[in-house]
Structures are given as structure tokens and as C-alpha cells.
Amino acid sequence: MTKVSREPLIFEISSAGKTAFKLPALDVPEKKDLLAGVPLRTDIENFPEVSEPEIARHFTRLSQTNYCVDIGIYPLGSCTMKYNPKINEKIASLPGLTQTHPLAPEELVQGNLELMKMLEKLLLEITGLEAITLQPAAGAHGELTGMMLIRAYHQAQGNPRKYVLIPDSAHGTNPSSAHICGYTVKEIKSNERGTVSVEDLTRLMDEDVAALMLTNPNTLGVFESDICQIADIVHSRGGFLYMDGANLNALAGITRPGDLKVDVMHLNLHKTFSTPHGGGGPGAGPVAVKKILEPFLPVPVIEEKNGVYHLNYNRPQSIGRVRSFYGQFLVAVKALAYILNLGPAGLKEMAETAVLNSNYLRKNLEGLYELKYDTPTLHECVFSDKYQKDYGVTNLDISKRLLDYGLHPPTMSFPLIVHGALMIEPTETESRRDLDLFIEAMKAIAREAKENPELLRTAPHITYVRRLDEVLAARNPVLRWEK
Amino acid sequence: MLVRIGLDSVDKLFSSIPEPNRLKKLLNLPAAKSEPELLAYFEEKSQKNNYNQYLSFLGGGAYDHFIPAVVDYLSSRGEFLSPYTPYQPEISQGTLQVIFEFQTLICQLTGLEIANASLYDGATGAAEAVLMAHRAKEKNRLLVASTVNPQYRQVIYTYGKNLGLEIIELPCDQQGRVEPKGLEAALNQETAVLLCQSPNYFGVIEDIKSLAEAVHQKGAMLAVVISEPLSLALLETPGKLGADIVTGEGQSFGLPLSYGGPYLGFMACRKEFVRQLPGRIVGQTVDVDGRRGFVLTLSTREQHIRREKATSNICTNEGHCALRATIYLETLGRKGLKELAWFNAQKAAYAREQLTTTPGVKSKFSGEVFNEFVLEFPQSFEDINQKLKARGILGGIGLKDFPGLDNCALVTVTEKHSQEKIDLYARTLKEVLR
């Protein structure tokens, strides 16, 4: 166990009278009795009082206990944790962008509107779809927005329909988003290849089904090769094909969802388009659609006429707003910078390298860890802990041991169709050297599982804190500091 | 690497994609730009925005406050910017501890017992709050004050209409507050919640205590949405006055205006409703050596465990924005934040006084305000606005979408408005109306 100094909570180093910020003096006559008619608080009880050096050290020390993409590989499957180019941060901090009020008159923010319109155009080219909104704040928010568009369309035909079909391999947000949109979820079984069972789909698809939500490539990293046939089945009964764009990193520049008969999809700018994930957001989840769904897009939509940009609110069939203002503007700016930096060849190379890296990892780990589905995969692959279970070692133990090797573990919580999943997505920004480091660690851990399983079950050993008691946290919730 | 995989071309990696579906040429995107070209492109576009050249009194859900340098500096560290959601707590204690501090600060500001790790923004926070009350009470009738930010109300409608919820808007009185009679008439045993905003969209501070008493009598909940959270440093906490849920927009706490995003939703509630709270929550625990640590907890509410039965579909939220708010709040601190709030109120009061010395210009509502207020002008505000703009001033947000407020505007004042700037607005207004 290493000796690392423990960083206290800010409240524990607070001492009366300290401050890290000085306000300029009040330059208007002070009215002592202002707000005398409403209840005021006399104090913000126990709020921190610290100096600026204390603030700087507190957050610097805390930052040093975090793993991040700037430190090394972050192979979380379906999360696309690629390196975030620094120029994009610089661009997104240009004062002309950061200092604009969202309710500024349109003629004073033409630059902002032009940038958003430009991103919309490029995303439509990449997806092969026909209309788009940048308003949703994250991937799950995009899913919800997409389902709302579908519902609004069906409602306009007189019947919103009842069900949404979702494969059993889907991310948890899919069923949750469909549910919050007022739909009941029906699950479709995967076949032996790990893809959607066309038979099951044909059986379940009827005029009560509003849409099929499909992730492609799916969460196993497998491309749904039957997608056009799947789309035809869904369309034949008047349903829509929704594509979860979480895994677009495998397809950009290679094929286009619109050409694969997808009707509506969301994109994760914080995955495919490299905007930093920030330890849990902000993300952005633009939604692109076929022409038929355009009238239902959230308000406002950005329009351009003779080089002048305009926000159109007059959209009688619109679902309304899903968020305030126009979405995650600065996130959109970073994504635009990323695409413009790559260009058409660079974008294709991004997908190719991501798929190459994933297949290189897969090839090198095959045999050591079980691959439940041996179907060819694109940008990610899903192993399991089946071989290690013989020694009483689980995917959790393997992941925690990876921490001792200074690496971030794969995704474990899904897909639900693989028990003990280890879902690995390296992304294109890892060098062969970084991939080999990961492979060597995984090999060593497979060996350790046989020879010294206890080492894994008690891992991690050298992290800032060791395995944490999550049961205690849930059973006896302490959710805030109290004096 | 291809050799290791056993393939002779990159194309073969994509053999699972049917040949006819594969693009035969490159996408029609602009040619790749180098870093200097990229920067020049965005500088050029950013300079097409002329907003900065104006003296602006715009607020209404987005506020121009000073941001201490330490916020930008510390939050731009790669260790905060480039990790994922902290699924591996042993190597994410920085992020987790920051969120735990954030939750504590939000509890201290709102006077409630529990806060989550963040939501998207104030508008979706308002929608999540009414959905939460609908779940907790298992009732479909939602009352929403017409003085709630119109964008927030629009998002509530967008979310609510798919779930068959009955949404009733309550009128406001001469003071600019929820009209007690209107509330009484609308409240019944089927009501899940009243959502009000305080200070509301007209800047007026609601009588939260009376509203809470009225709704609790009928077994409903009171949810309060806050668009200017700096007010929480000065006004009695909504929690103490009886609110069950407090949600809002945290942009004022260290986030630049950024043309509307990314912003920061926050939400706090009473302990008894914790299982209904949407979004991530961080809790304290110990590791195997007994050392304190922090983890994501109570995740059985969430979509990755509960799927369609989750309290919300939210996954990625606004972690980095919450980090900025945490640094901001801890920098301003106990005295600084309160003083800043007091200064905002003083400056707004001064501005209201100065602007209403112009003949024909008066305060629309008599209720007390924090840092925003509605002025009524002797003619349509749109005309006045054009004239002010020609003189370099953005004098407020026109309220023509509200019945009877054609001649009115919402004016916002923060610590960034010096006396000189306020006086300039007052002088220019006199000129324009002469």
C-alpha cells in the first residue's frame, strides 16, 4: 500500500474569515433596507471559507487522483474515449463565442449561427440524412428527442402506437428513453451471431409498433448486416428505424446510416467527434432525420437565406423544445473543429484505424479470454470472464487488477447478453505501443488468474483508494458533508 | 498490425458491411485544415458576432457574471476534462469528491437534504422535477406558474404531453406573483405538484412559504425552479420555506454565457424522495483498508440497472460544468457569495430607480425583485429596443409573447454593470423617449 496524502473535503479545511476572491466596492448608493419585505438568510451556513492557494492546491491534488485520456488508454466499450485535441479547447474559449448571450438579437450572433449551420451540414453529409437538430444535450437526450419525433409523426397520422422494439443487446438508455416517451418496450432476441433475429423481428413487428431502436454496429461491435432487410420489415408495417449512433466511430466515411434506410438517429459529439467527456458531461446528442420527420424537429431551427442566418420558431408541427436555447453550443463548436481538422480522408482514416486497433486487440487476446460470439467485429469486441471463472475470478476482479497496471478497464455493465462482459473499444488514437501495453497487462492478468487468483480478488493494491464498499454506500447513504 | 490480424487490406476489416452499402468515394466535406488554419477560421467566425460591442442588460435565464481566473485555470486540467463518468471509483476520486462537494454546496444553498450530481440545464431540470413529483405522488395533474421561464414551460410540455399529464398554468397577480385565488381554484386532490420559479421570469420573488402551505394542505408537492441561483445566497432558502424539490440552472456559477450551452442543471429534494430523484448521485463510503472514498451510488434508480423502469433516461450529464460551479462557489465562499448577491440586488434596485425617472417608464410589478425587473414603457418595447440598439445598448428582453405586456421588457443587472453603465442606459432611454 502506497502512502498518498489524503485530500480532505474543502469544508474540512475551511476557516472563518478566509476568502479567495475580492469584489470591487459597491459603486451605487447602498440601501440598507432593500428586500426588507421578503425573508432573507443571514448566513450560508457552513459554506467554505478558504484562500486562493488552498483552492488551487485542493483541486490540483484532487485532479491527480483521476485517471484520464491524457494519461492513457481508456478502452470503455461503446464510450469511444478518444484523445481530445487541445486546439478545440482553445477555439471554444474564443471570447467572441463564450461571451455571447443566447437571447442576443440574431444580427449580432451571425457567427454563432453560421458555425451551427455548418456543423449541421457536415453531420448530414456524414450520416446521409436530410434534416437535423443540435438541441439535445446528450446521447440519451437525443434518443428521447428521436422517439418524440417518431411519436409526433404517428400522432399526426391519428395513432401514436404503443410499442418500441429494442434488441436485448442494447444500452440501458434505449428502453428508458422509449419509456419516458410513453412507449412500452418489447425486447428482440439476438441470434447466434449476436445480431438482431430477423425471425423474432418479423414476429413482433406490427401496426402497434412505432419503431425499432437499433445500435449499429451493435454493442458487441458487430455490424448488423441485415440492416436493409430489417428496415424493410419495419417500414412495411409503418414503423420507423431508429439508430443509436453511439458507435458511429466505426462507420464514419465508410457507410452512411441514411443509405442503410435509417430514418432517425442521434450522434454523440462527445464520442465520435472527440469533445471531452469532462468526467460525466457535457455531451451533446444532435438528432438527424429523414425529410418525413423534419416538420417535427424541436424549435427553433436555423435557416439561411443569402448568407444571413435566422432562427425559425414558426413550426406548427414541432414537438416543441427539449432544452433551453440551442443546445450545447460550445460542444458543437469543438465537434466542428474536429471534423474540419480531419477532412474527408482523415475522417475515413479515423474509422479505419479505430477498427484496425480493435481487431488487433481482439486477435491478441483471443484464447486468453472467452469470445462468446466469434462474429467479425468493427470498433469494439466483447470478451467475457468465462475462462477465469474456473479460478473464482470475475470480470470485476480483472478490471480492478488492470488498475494496478495503471490502465483503465473495459466496460462491464453491458451488453446483458454476455455474462461477465469485458467490452473493449480502444479507438483510433491509441498507438501500437499503447495497445501492446494493454495486451501485455491482460495477458499477465490471465496468468495471474490461474496462478494467484487472490491477487485479483483483492485488487487494486496500489491505487489512491482500494476497493470501495458500494453496498455500504447504498445501504447507508451519506450524500453530503455535514458538520 | 494487419499482418498480425491475418488480413492484407484495411478494406477487409469492413467485410461485414455489404459491399453495395459501402461508400465508393470520400464524403463531401471541406478539405482538412491545419491547426493555424482552423484557428483562423474560427476567429473569423467569432468576429462576425458583434454582441460584445453592446452594453447588454439581457438575462432571463442566462447571466453575465464575472468568472475568477482560478475557475478557468483549474477546470482546464486534462485530469478533469478528459475522464469518463467515474465508473471506476479507485481511479476517479478527484471527480467523485468534487461531485460530493458540489452536492453539499447545492444542499447548503437550497436548504434541502439531498442533491444530485447535475442535470442538463434549468429547463430539463424543471421537466424532471414535475415528472419526479408525478411518480412520487402517482398523480397526473401538474400546476405550473405562468411566471416560470417560458422556455422551461415549453420543455415541460414537450416531456409531459407524451405521458398523458394534465398541465395547468396559473395566472399571476399585480405584484407579479402566483395569484393565490388562481392556485386555490386549480388545486385539488389529484394534484401532484405546483412548480413555481423564484425569483420568477419577471424577476419577482415568490411567496414560497404560502405556496408550500397551500399545496401541502392538498397533499401535493412544491417544486421551485431557480434560473438565477445567485439569489440563493441572499434569500431565505426554498427548503426552509417548505419546497420539496428545488431545481434550476447553475450557469451563473462560473459558466460563461456561451450562447446557451453547455449549462448546468441542478436538483435537490427532501430525503424522503431520494429514490425518485433522477440522475447520478455520489455517496461516501470506505475502502477495504477503512479509508474514506466516494462512489456513484443508489444506481438502482438509473437506466443502466433498471432500464425502462428507471427514474429518468439521463446518463451523461454536466459533470465538468458542475466542477466549474464547485470551484466558483468555493472561491467566492461564505462571505463572498452573499456579498455578490447583495451587490447584484443593490445595483438592480439602483437601475430600476434610475430608469423609472424617465417620464412614462415604470415598474410593471410591485413585488420585490433580486437582479431582474420588468419595466413598462409608454410605447411598444420593440421600437424602443431598435433605437437603444442603434445607440449601442441592449436594453432588455421584450415580453410581447406575454398577453398584455407588449410595452414591457425584462431588464437584468449584475455586478458587471458599473454605476456609469447603468447611468448611460438611463440617459440614453431619456434621449430615445424624448
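Mentor: Two residues are in contact if their C-beta atoms, placed from the backbone, lie within 7 Å. The model discussed here is predicted.

Trainee: How many residues of domain 1 of chain B are in contact with domain 2 of chain B, and how many of domain 2 are involved?

Mentor: Chain B is divided into domain 1, which covers 52-67 + 334-433, and domain 2, which covers 69-327. The C-alpha centres of these two domains of chain B lie 28 Å apart. On the contact criterion of 7 Å, the counts are 26 residues of domain 1 of chain B and 29 residues of domain 2 of chain B.

Trainee: Which element supplies the largest share of the side of domain 1 of chain B that touches domain 2 of chain B?

Mentor: Two elements of chain B each supply at least two residues of that side: strand 12 (372-376) and helix 12 (319-355). By class, the residues of that side divide into 5 charged, 7 polar and 14 nonpolar. The largest share is 7 residues, and it comes from helix 12 of chain B.

Trainee: Which helix of chain A gives the most to the side of chain A that touches chain B?

Mentor: The contact between the chains takes 154 residues from chain B and 161 residues from chain A. Elements giving two or more residues to the chain A side include helix 4 (110-127), helix 5 (139-156) and helix 9 (329-365) of chain A. That side has 26 charged, 45 polar and 90 nonpolar residues. With 20 residues, the element that gives the most is helix 9 of chain A.

How values were computed: Residues are numbered from 1 along each chain as its sequence is written. Chains are lettered from A and ligands numbered from 1 in the order in which they are written. This is a predicted model: local features need pLDDT of at least 70, side-chain atom pairs count only at pLDDT 80 or more; totals for chains, interfaces and linings use all residues. Helices (H or I, at least four residues) and strands (E, at least two) are DSSP runs, numbered from the N terminus. Ala, Val, Leu, Ile, Met, Phe, Trp, Tyr, Cys and Pro count as nonpolar, Asp, Glu, Lys and Arg as charged, and the others, Gly among them, as polar. Domain bounds come from an automatic or database domain assignment.
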